[in-house]
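Subject: The structure I promised you

Hi,

Here is the structure I said I would pass on.

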Amino acid sequence: WRPNPRRNLGLRPGRSPPRSQVTIAEPCEFTLTENQRRALEIMNGVSNVYIFGPPGSGKTTLLDLLHAARSSSRRWHFGDFFRLLHERLPEHGRSLPKTLAALTGEADLVLFDEFHLHDVADAVYLDRALQWWKAHGTQVLATSNYRPSDLMPNPLLHSAAEPVIGQ
């Protein structure tokens, strides 16, 4: 699959189509499975989406297709995002909203590949980030090898992360 710029004819440069009008790609040498097609349909216009499954099931491919189709998206490997977040926080006076604004820019879609949650401090940051993105009309889509129930596997900390896992 490859993006087809002709699908966005009629849009001003730099503008993305409304979420309900995003066409992901045109066929070339890659065929989506029925599950991948359904996932793309679900992702289109839904507030936040969490896709999990075993390695090699095509989650990253879906993420890459969506990122290629939406110029207004930001994509990170989840671990890289948190390393960058912690690195940039001091540059913005340890203000999470300012740091998120700097990292996210004008994006209306944030994509996380390889999402996992093992640290309660990151769960707190993620909870605040999800609230900030929601307030700014930014959709979040994450792929993971973990079922939601397997995030924050430590039973002493799992309940503290449940509000984030449920978002």
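Let's start with the buried residues of helix α5, which are Asp122, Ala123, Tyr125, Leu126, Ala129, Leu130, Trp132 and Trp133. An α-helix has 3.6 residues a turn, so residues three or four places apart point the same way.

Before going on, please keep in mind that this is a predicted model. The average pLDDT for the protein is 79, and 77% of the residues score at least 70. Residues 1–28 are another matter: the pLDDT there is below 50, although this stretch has 43 contacts in the model beyond near neighbours in sequence.

Back to α5. After the helix comes Gly137, with a positive phi near 70 degrees.

**The aromatic residues**

How many aromatic pairs does a search of the whole structure find? There are eleven. One of them is Trp76 with Phe81, a tilted pair at 5.0 Å centre to centre and with 55 degrees between the planes. Both partners are buried: Trp76 has a relative accessible area of 7%, and Phe81 has 1%.

Phe81 also pairs with Trp133. Their ring centres are 5.9 Å apart and their planes are at 50 degrees, so this pair is tilted too. Why is this pair worth a look? Phe81 is in helix α3 (residues 78–88) and Trp133 is in helix α5 (residues 120–135), so the pair ties together parts that are 52 residues apart in sequence. Trp133 is buried as well, at 0% relative accessibility.

If you follow the ring pairs around, you get a cluster made of Tyr50, Phe52, Trp76, Phe78, Phe81, Phe82, Phe112, Phe115 and Trp133.

Phe81 has other contacts to look at. Not counting residues up to four places away in sequence, Phe81 touches Trp76, Leu100, Leu103, Phe112 and Trp133. Take Leu103: Phe81 and Leu103 are 22 residues apart in sequence, and their C-alpha atoms are 9.0 Å apart in space.

In soluble globular proteins, nonpolar side chains tend to be buried together. Here the largest nonpolar core has 27 residues, and the ones that touch the most other members are Phe81, Leu85, Leu100, Phe112, Leu117, Leu126 and Trp133. Two or more residues come from each of α3, α4 (96–104), β3 (109–113), α5, β4 (139–144) and α6 (155–165). Which element gives the most to this core? That would be α5, with seven residues.

Leaving aside its neighbours within four places in sequence, Phe112 is in contact with Leu63, Trp76, Phe78, Phe81, Trp133, Val140, Leu141, Ala142 and Thr143. There is also a second, separate core of twelve residues, which includes Val49, Ile51, Leu65 and Leu111.

Thr104 lies in helix α4. Is Thr104 buried or exposed? Its relative accessibility is 2%, so Thr104 counts as buried; the cut-off for buried is under 20%. The side chain of Thr104 makes a polar contact of 2.9 Å with the side chain of Trp133. Beyond residues up to four places away in sequence, Thr104 touches Arg74, Trp76, Val110, Trp132 and Trp133.

Most residues other than glycine have a negative phi. Glu114 has a positive one, near 60 degrees. Glu114 is in the loop between β3 and α5 and is partly exposed, with a relative accessible area of 30%. Met152 also has a positive phi, of about 50 degrees, without being a glycine. Met152 lies in the loop between β4 and α6 and counts as buried, at 1% relative accessibility.

Happy browsing!

Definitions and conventions:
Residues numbered from 1 in each chain as written. Predicted model: local features only at pLDDT ≥ 70, side-chain atom pairs only at ≥ 80, totals over all residues. Heavy atoms only, no water. Phe/Tyr/Trp six-rings, centres within 6.5 Å; stacked < 30°, edge-to-face > 60°. Buried < 20%, exposed > 50% of the residue type's maximum accessible area, 1.4 Å probe, protein only. Helix = DSSP H or I, 4+ residues; strand = E, 2+ residues; numbered from the N terminus. Core = buried A, V, L, I, M, F, W, Y, C linked by side-chain atoms within 4.5 Å. Contact = heavy atoms within 4.5 Å. Polar contact = N/O pair within 3.5 Å; in protein donor to acceptor, adjacent residues only side chain to side chain. pLDDT = per-residue confidence, 0-100.
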